[in-house]
Amino acid sequence: MTAARERRRLEEERRERSDQSDDGRRRPSSDRAAHAEQGPSTQEDRERGKPTMADVARHAGVSLKTVSRVVNQEPHVRPSLQERVQAAISALGYRRNEAAARLARGATMLTLGLVMENISNEFYSRLAAAVESAAAEHEALVVFGSYEESAAKERMLIESMYARGVDSLIVVPSAADHAWLAEHASLTTVFVDRVPPGLESADVVLLDDVRGGRTATEHLLARGHRRIALISDDEGVSSVHDRATGYRTALRAAEVPALDTLVVRGIFDPWRVSQEVTRLLDLADPPTAFFATNNRAAIGILQALRERPERPAYVGFDDFALADVFNPGVTVVRYDTTRLARSAVDLLLNPSPSPRRVKVPVELVARGSGELPPA
């Protein structure tokens, strides 16, 4: 046996004796990773009832140092000990405290998480850029995540950011129930664009969606339209619901019936919107105007009209790139994305025990498509 092999054998025996001698009592350790995880957060974790690394060590019957090596994926841990530690981690639901580790490394920059539906959508990419700019004024870093219309992925992103020690979160919530977020009450969260179901008392920054929907519909009514179709996505989302409410309120005030046959719900993809617009225009008594509750729906209307002889009027909620380039230009309900983002960051950095609602105003920008008269 070579000298190197003998040294490795002796080292493994020493570690094995150290691990087997652990009777569950905490022992002094010079392991920095163990202290990084235990030190800054132990008291807070105990108060929350969260399992700590020491709990894992007791459950597995090994030393704190061994747990630290397994958690930090260090070498020279016997497979049987790794299995015991991993079994204890699973049984207790332990999660590595990245915030404590970050503090131990000397990282002090404020980190904000931004969870949104789909960054490929222009609304979200603009929001992300505006949040990043507002956060930079406070020397804060922003971490992004898109859940792509999946409530399960949304929860995974939020819990992952929480585990990795983000200081605060900005969330554009899905339509799913968010009562589970009460488990993370210590994490400051502000919701943007939508009220989170199950957490109606949360801090929320909203657009004036009801007014926007009503203004768009009133604009079409003023041009003589009476058969106005609504192209909407998920009305379980508060912003979409409120825009549709504004649409119906305007029709009711004008004593125009809100016909369900002229309403399309649950459509997210522009191509599918174009198919529905084509179907509506092929009706015996088609709509003469459309109100789209988001920019994707407005793009779907444009796609449908490329091959049609009709020229119905239409108004979209959300501005988008090149909206003023088309002929006619696209009339939209517009708002200040920078103000939306800055309001969210301000609420995060100035927490309050009472829930707050901030409403960002909207305006109608006439460019031609919403001013077309009925055929």
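## A guided look at Glu371 and its surroundings

Let's start near the end of the chain: Glu371 is in contact with His219, Arg223, Thr331 and Ala366, leaving aside its neighbours within four places in sequence. Keep in mind as you explore that this is a predicted model. The protein has 14 helices and 12 strands, and buried residues make up 49% of its 375 residues. Among contacts with a separation of 6 or more, 67% are between residues 24 or more positions apart.

**The segment after strand S12**

- Glu371 sits in the segment that follows strand S12 (362-365).
- Is Glu371 buried or partly exposed? With a relative accessibility of 24%, Glu371 counts as partly exposed, because the buried class is kept for values under 20%.
- Glu371 and His219 lie 152 residues apart in sequence, yet their C-alpha atoms are 8.0 Å apart in space.
- Gly370 belongs to the segment after S12 too, but Gly370 is buried, at 0% relative accessible area.
- Beyond four places in sequence, the contacts of Gly370 are His219, Leu220, Arg223, Ala313, Tyr314, Val315 and Thr331.
- From Gly370 to Phe291 the C-alpha distance is 9.1 Å, although 79 residues separate them in sequence.

**A buried threonine in a loop**

- Look for Thr293 in the loop that links strand S8 (289-292) to helix H13 (295-305).
- Thr293 has a relative accessibility of 0%, so it counts as buried.
- Which residues does Thr293 touch, not counting those up to four places away in sequence? They are Leu230, Ile231, Ser232, Asp233, Val240, Arg243 and Phe317.

**Two helices that pack together**

- Two packed helices are described by the angle between their axes and the distance between the axes.
- For helix H4 (residues 53-60) and helix H5 (residues 64-71), the angle is about 110° and the axes are 9 Å apart.
- H4 and H5 are therefore roughly perpendicular to each other, because angles of 65 to 115 degrees fall in that class.
- On the H4 side, the contact is made by Met53, Ala54, Val56 and Ala57, which meet Leu64, Val67 and Ser68 of H5.
- By residue type, this contact of H4 with H5 has 6 nonpolar residues, 1 polar and no charged.

**The second largest pocket**

- Rolling a probe the size of a water molecule over the atoms shows where empty space is left.
- The second largest pocket has a volume of about 450 Å³.
- Its lining has 21 residues, and those closest to the centre are Ala185, Leu187, Thr189, Ala202 and Asp203.
- Which element gives the largest share of this lining? Strand S4 (residues 188-192) does, with 4 residues.
- Sorted by type, the lining of the second largest pocket has 12 nonpolar, 7 polar and 2 charged residues.

**Backbone details to look for**

- Most residues other than glycine have a negative phi, and most peptide bonds are trans.
- A cis peptide bond joins Asn327 to Pro328, with omega at about 0°.
- Pro328 is part of the loop between strand S9 (313-317) and strand S10 (331-335).
- Glu149 is not a glycine, yet its phi is positive, near 65°. Glu149 is placed in the loop between strand S2 (140-146) and helix H9 (151-163), and at 42% relative accessibility Glu149 counts as partly exposed.
- Asp193 has a positive phi as well, near 80°. Asp193 is found between S4 and strand S5 (203-207), in a loop, and counts as buried at 4% relative accessibility.

Note on methods
Residues are numbered from 1 along each chain as its sequence is written. This is a predicted model: local features need pLDDT of at least 70, side-chain atom pairs count only at pLDDT 80 or more; totals for chains, interfaces and linings use all residues. Side-chain values use heavy atoms; hydrogens and water are left out. On a 1 Å grid over the protein atoms alone, a cavity is a set of points where a 1.4 Å probe fits but cannot get out, and a pocket is an open set with protein on both sides within 12 Å along at least five of seven lines; lining residues have an atom within 4 Å of a point. Grid points are joined across faces, edges and corners, and a volume is the space filled by probe spheres set on the points. Helices (H or I, at least four residues) and strands (E, at least two) are DSSP runs, numbered from the N terminus. Ala, Val, Leu, Ile, Met, Phe, Trp, Tyr, Cys and Pro count as nonpolar, Asp, Glu, Lys and Arg as charged, and the others, Gly among them, as polar. Axes are lines fitted to C-alpha atoms, for helices over the stretch in contact, and angles run from 0 to 180 degrees between N-to-C directions. Angles under 35 degrees count as roughly parallel, over 145 as roughly antiparallel, 65 to 115 as roughly perpendicular and the rest as oblique. Contact means heavy atoms within 4.5 Å. Buried means under 20% relative accessible area, exposed over 50%, partly exposed in between (1.4 Å probe, protein chains only).
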